[in-house]
Amino acid sequence: MLALVNSERDKAGCGPLTTNAKLTKAAQDHSQDMADHKNMSHTGSDGSSMSDRLARAGYSFRSAGENVAAGYGTPESVMAGWMASPGHKANILNCGFKELGVGLAQPGNYWTQDFGS
């Protein structure tokens with residue numbers, strides 16, 4: 001997923017993202033929460049926002065963004081879906097973001113990308 005994101009960023013003239021363990025934890029926990037509750041949303045089952053979840057994972061940020069999706073079977077397919085959506089694409093191509101965490105949970109292929117700087 002990181003390579004796919006960085007390929008799109010490179011085409012747009014943005015620097016590459018690096019993986020961040022705290023963002024990855026926040027993304028994975030949110031993906032698992034969505035899968036457990038069969039609910040794709042930026043709001044967690046406990047009412048948490050992305051900012052709440054990043055703070056819970058210990059990630060301090062100046063700026064952050066989140067993409068979520070469900071049902072896509074491969075990283076390539078979910079990236080195609082996100083790149084076809086203006087809001088999701090804007091997160092991927094936000095040159096201000098420097099780090100990425102990705103989560104994927106079953107059942108249902110619930111995906112989360114958490115971006116930060």
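Guide: Lysine 11 forms a salt bridge with glutamate 8, their closest N and O atoms lying 3.4 Å apart. This is a predicted model, where local features need pLDDT of at least 70, side-chain atom pairs count only at pLDDT 80 or more, and totals for chains, interfaces and linings use all residues. Residues are numbered from 1 along each chain as its sequence is written, and side-chain values use heavy atoms, leaving out hydrogens and water.

Visitor: What makes lysine 11 count as exposed?

Guide: Exposed means over 50% relative accessible area, buried under 20%, and partly exposed in between (1.4 Å probe, protein chains only). Lysine 11 has 63%, so it counts as exposed. Glutamate 8, at 22%, counts as partly exposed.

Visitor: Why is glutamate 66 called buried?

Guide: Its relative accessible area is 7%, so glutamate 66 is buried. Arginine 53 counts as buried too, at 6%. Glutamate 66 forms a salt bridge with arginine 53, the closest N and O atoms being 2.9 Å apart.

Visitor: How many salt bridges does a search of the whole structure find?

Guide: The search finds four. Another one joins aspartate 29 to lysine 25, with 2.7 Å between the closest N and O atoms.

Note on methods:
Salt bridge = Lys/Arg side-chain N within 4 Å of Asp/Glu carboxyl O.
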